[in-house]
Amino acid sequence: MLLPFFEWCETLWLGQFVVGSNWLFPVIESVHLLALALLGGAVFVVDFRMLGLGLKDRGVAELANDVRPWMLAGLCVMVLTGVPLFLSEPIKCYYSTAFWVKMTTLPIALVFTLTLRARMAQAAPVRGTARRQQLVGALSIALWFTVAAAGRWIGFS
Amino acid sequence: MSLLAFCEWLAATEGSIALHESMYMYPIVESTHVLALMLFVGFATLLDLRLLGLTLKRVPVSQVAERLLPWTIAGFVVMVVTGVLLFYAIPIRTYQSIFFRAKVIFLILAGLNVWLFHSRIFTRIAEWDHDIITPRAARRAGLASLVLWGAIIVAGRMIAYNWFDCDIQPQPAFVNWAAGCVVPTVTP
């Protein structure tokens with residue numbers, strides 16, 4: 001059902017431009033990885049803190065506010081580089097299970113991070129918050145690890 | 001025994017062949033390498049950005065360094081273990097990859113930078129622990145770390161590409177030299 005859409009994606013100029021170059025795909029891929037490292041640091045430092053690990057002398061809200069610009073920057077670069085990577089091989093992606101795992105978990109991770117997790121990071125430290133924060137932190141790590149591993153796995157098919 | 005001979009011996013071992021030919025083990029090791037990168041380079045980047053006064057400005061530098069250090073080390077250990085396994089799976093080609101060789105050089109430089117930071121700069125942390133803009137030497141170490149780990153990631157990713165592989169000849173003389181290719185001399 002979605003195949004025609006993926007076939008249309010393959011005709012787009014940007015993807016063809018990437019395919020036409022020997023170097024572009026690896027270079028974009030590298031930037032994608034650099035942004036992943038930045039994103040990992042900015043996301044995990046807050047997740048770890050929610051679990052009571054790492055920078056535990058600081059408040060969760062303070063940490064989350066401090067690293068938010070870097071997290072958003074990481075996310076932006078990941079999307080901006082991810083799109084041309086996808087457009088260069090949409091049909092391969094269509095038949096890749098890893099791609100669909102990523103496309104399922106990525107929106108979940110994004111929405112979860114920008115809504116529930118963001119709100120939980122600002123929650124006043126009252127009784128019962130800590131437990132829920134731990135759950136949110138653990139879930140966030142699991143989600144982003146899944147997105148990253150699935151993303152890497154697209155390259156193995 | 002030369003390093004190349006060692007790699008040839010390694011490539012013939014049962015474990016190397018098994019890992020190389022495995023359907024799932026190799027991708028699992030490679031994925032773990034990437035997940036550990038998120039943690040290790042991620043946390044290292046946070047410290048670098050703090051040294052440059054670009055994030056966590058109200059957090060003392062010593063707190064960022066010491067609280068994150070155990071996790072940074074844990075991430076690094078996983079990176080090294082999975083990295084060694086990745087080399088073990090494809091020894092000869094990796095050894096003769098200019099990208100792998102560049103990565104090793106960058107890794108040594110990054111290690112020197114860490115050593116320099118901890119032995120020369122971090123020892124006087126009490127004087128500037130709360131400064132948003134840290135001393136020049138600390139900022140330089142932070143910037144060097146960002147650049148070097150970035151270069152290590154890019155070089156590492158490029159190992160997968162075969163443009164400069166020894167078995168694809170002719171290559172520029174510089175490539176053959178840098179990659180240590182054994183090229184049979186052609187007599188006209």
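The model is predicted. Chain B consists of 8 helices and 0 strands. Helix 7 of chain B packs against helix 6 of chain B and also against helix 3 of chain A.

**Chain B overall**

- The order of elements in chain B, starting at the N terminus, is α-α-α-α-α-α-α-α.
- Along the principal axes, the C-alpha atoms of chain B occupy a box of roughly 65 × 40 × 30 Å.
- Chain B has 188 residues, and 34% of them count as buried.
- Among contacts in chain B with a separation of 6 or more, 77% join residues 24 or more positions apart.

**Helix 6 and helix 7 of chain B**

- Helix 6 of chain B spans residues 98-121 and helix 7 of chain B spans residues 136-158; their axes lie 9 Å apart at an angle of about 160 degrees.
- Angles over 145 degrees count as roughly antiparallel, so helix 6 of chain B and helix 7 of chain B are roughly antiparallel to each other.
- The crossing of helix 6 of chain B with helix 7 of chain B is left-handed.
- On helix 6 of chain B, the contact residues include Phe99(B), Phe106(B), Leu109(B), Asn113(B) and Phe117(B).
- On helix 7 of chain B, the contact residues include Ala141(B), Ser145(B), Leu148(B), Trp149(B), Ile152(B) and Gly156(B).
- By class, the residues of this contact between helix 6 and helix 7 of chain B are 19 nonpolar, 3 polar and 1 charged.

**The side of chain B that touches chain A**

- Chain B has 28 residues in contact with 27 residues of chain A.
- Helix 3 (25-51), helix 4 (61-89) and helix 7 of chain B each contribute at least two residues to the side that touches chain A.
- Helix 3 of chain B gives the largest share of that side, 14 residues.
- The side of chain B that touches chain A comprises 19 nonpolar, 6 polar and 3 charged residues.

**Helix 3 of chain A and helix 7 of chain B**

- Helix 3 of chain A (residues 24-50) packs with helix 7 of chain B at an angle of about 135 degrees, and their axes are 9 Å apart.
- That angle makes helix 3 of chain A oblique to helix 7 of chain B.
- Helix 3 of chain A passes helix 7 of chain B in a crossing that is right-handed.
- From helix 3 of chain A, Pro26(A), Glu29(A), Ser30(A), Leu33(A), Leu34(A) and Ala37(A) take part; from helix 7 of chain B, they meet Gly150(B), Ile153(B), Val154(B), Arg157(B) and Met158(B).
- The residues of this contact between the two chains' helices divide into 7 nonpolar, 2 polar and 2 charged.
- Met158(B) is also among the residues of helix 7 of chain B that contact helix 6 of chain B.

Notes:
Residues numbered from 1 in each chain as written. Chains lettered and ligands numbered in written order. Predicted model: local features only at pLDDT ≥ 70, side-chain atom pairs only at ≥ 80, totals over all residues. Axes fitted to C-alpha atoms, helices over the stretch in contact; angles between N-to-C directions. Helix = DSSP H or I, 4+ residues; strand = E, 2+ residues; numbered from the N terminus. Parallel < 35°, antiparallel > 145°, perpendicular 65-115°, else oblique. Left-handed = near helix turned anticlockwise from the far one by under 90°. Contact = placed C-beta atoms within 7 Å. Nonpolar A, V, L, I, M, F, W, Y, C, P; charged D, E, K, R; others polar. Buried ≥ 20, exposed ≤ 12 C-beta atoms within 10 Å, placed from the backbone.
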